[in-house]
Amino acid sequence: MASKTTKLLGLAALSRALVLVGIVLSDAAFNDLDTSASQQNRPCDRQCSGTGTSCLASGSAHTTIFDDVSAWDSVFFVRVAKCGYETDMINAFFPLLPLVMRLGSAFLLPLHGLMPLESLLTLAGLLVNIAAFSAAALALWRLSVQVLGDERWADAAVLFFCINPASVFYSAAYTESLFAAFTFWGMLLVYTNPWTAVAAFTLAAMARSNGILGCWFLMHALLSSTFRTGRVSWTGVLRCWIGCLTICAPYALMQVRGYLTYCGVGRDAALQPPPWCQSTLPSLYGYVQRQYWDVGFLRFYSKLDRWPKVLQSIPVAALSFVGCWTWACADWACALSLGMARRAPARPLSPLARTGSGPGPLRRPSRWAPGPPPSRRGGVGAAFHTLGAGVAQPCAWPPEAPALAPYIYHWALMTAVAATAMHVNVATRFLSSCPPLYWYAAAWIKQGRRPALVLWGWALAFTVLGTLLLPNFYPWT
């Protein structure tokens, strides 16, 4: 097991290093489409206020390779790490990555005289993300073995994760690596060490707003326990709600801080409060997303010039929709009951599926619930040999695997949000934190040369395009 862990961590770190080298080479070879990254070395606004100096005109001319590869959202994360939340717009970026950048830069003291603070912050973010991605890969492998009971599928899933289509964001100074690491570890530990899982989900919620969906896994464990035992554990209910409140705390605290800053006692008395302050449930995050990024229910489709961007997300949307649909087709009783009920298979399993190649889901009793979601030992991983056996057999998720239910529902909800309530072109990286995406892709890859070529071609093409476009400030997912 130690050797396996070492190999997984080495593979993950190597994949990040290779993509990062590609980002650096791409930035050196091509000119930036946008030069706004050069403004990140300007002083913080509080240093210029009252001095008569324009912050926009007083930026340092000293730049390094780390400044050059800091593009798009990375610029905002570096700015928050350096100066805090200076404007309402920058509140769209959650504080975990900037905090990690600040802490990481403190360990790079010998380099303080060699490069600007912004470069140190970016370097710290890149190094932390390599470590976080490696931790995410290890958690995904263990979760895959735990749920599927088959190391071969776990190996294939982690390999696809290491070269996933959103790979460039896992090597850049973005939140993807940290978010995936804490999300995967939370999923892995929710049945065995629930309070550690709550801590992991809370840190994920500090990285991105959709981290609050970690509450779903606590609630599903409680519902599963109630369904199996036929009684409600009020202690379990209390623990679940405490866990959910803890996970939602980072988002809530950001909104409270925003309200106090722009609507309450911290507001500049000379300025009128913004209109969102008068809302029944004021939300700075919701306002910023609508005002500056035009994010909202179906708002993406309101402008025809955005429609071509949908093409970027067709592959991940198709894989996600088909994966969720075929799982529901395998057992509608299981799907419509949140994985609680199940029917007998309409036809016997294939001999290959019946033999089984792994021990099935293994979980210890939970303090949230007496045990894991209902499952049958043996055959879960082997039944994946029937998954995606061909286009003529689309409904191939194994009906004897209700342990998949919470992860599939999470994947389906994320897919629905990506399609309706955000910019659709970012769906590839938005859905890259869903483990079933890699399980389903791995199952198809195992079916033969043609599906393997399609999926690997998609992953490699998006990785190459991402390394060419993202660091040079060209639009990319």
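What you have here is a predicted model, so local features need pLDDT of at least 70 and side-chain atom pairs count only at pLDDT 80 or more, while totals for chains, interfaces and linings use all residues. Residues are numbered from 1 along each chain as its sequence is written, and side-chain values use heavy atoms, with hydrogens and water left out.

**Overall picture**

The chain has 21 helices and zero strands; both are DSSP runs numbered from the N terminus, helices being H or I with at least four residues and strands E with at least two. Of its 477 residues, 53% count as buried (under 20% relative accessible area; exposed is over 50%, partly exposed in between, with a 1.4 Å probe and protein chains only). Take the contacts (heavy atoms within 4.5 Å) with a separation of 6 or more: 74% of them come from residues 24 or more positions apart. The accessible surface is about 20900 Å², and carbon and sulfur atoms own 68% of that. Those areas come from the Shrake-Rupley method with a 1.4 Å probe, and for residues only the protein chains shown count as cover.

**Salt bridges**

There are ten salt bridges in the structure, each a side-chain nitrogen of Lys or Arg within 4 Å of a carboxyl oxygen of Asp or Glu. Among them are these pairs:

| Pair | N to O distance |
|---|---|
| Lys4 and Asp155 | 2.8 Å |
| Glu118 and Lys82 | 2.3 Å |
| Arg152 and Asp150 | 3.7 Å |

Lys4 sits in helix H1 (residues 2-29) and Asp155 in helix H7 (residues 151-162), so this pair ties together parts that are 151 residues apart in sequence. Lys4 is partly exposed at 25% relative accessible area, and Asp155 is partly exposed too, at 30%.

Glu118 belongs to helix H6 and Lys82 to helix H4 (residues 73-83), so the bridge joins parts 36 residues apart. Glu118 is buried at 4% relative accessibility, and Lys82 is buried at 14%.

Elsewhere, Asp73, Glu176, Arg208 and Arg429 are linked in a salt-bridge network.

**Helix H18**

Helix H18 covers residues 405-420, and its end C-alpha atoms are 22 Å apart, in agreement with the 22 Å that its 16 residues should span; the expected span is 1.5 Å times one less than the number of residues. Its buried residues include Tyr407, Ile408, Trp411 and Met414. Cover for the buried residues comes from elements including helix H6 (117-148), helix H9 (176-189), helix H11 (215-229) and H14.

**A buried serine**

Ser171 is part of helix H8 (residues 167-171) and is buried, at 2% relative accessibility. Beyond neighbours within four places in sequence, Ser171 touches Arg16, Val19, Leu20, Ile23 and Leu126. With Arg16 there is also a side-chain to side-chain polar contact at 3.0 Å (a pair of N or O atoms within 3.5 Å; within protein, one must be able to donate a hydrogen and the other to accept it, and residues adjacent in sequence count only if both atoms are side-chain atoms).

**The nonpolar patch**

Phe321, Val322, Trp325, Trp332 and Leu336 make a nonpolar surface patch of about 560 Å². Helix H14 (310-330) and helix H15 (332-336) are the elements that give two or more residues to this patch, and H14 has the largest share, three residues. Patches are made of residues with over 30% relative accessible area and no salt bridge; like charges are joined within 9 Å, and nonpolar side chains (Val, Leu, Ile, Met, Phe, Trp, Tyr) within 5 Å. Phe321, found in H14, is exposed at 56% relative accessible area.
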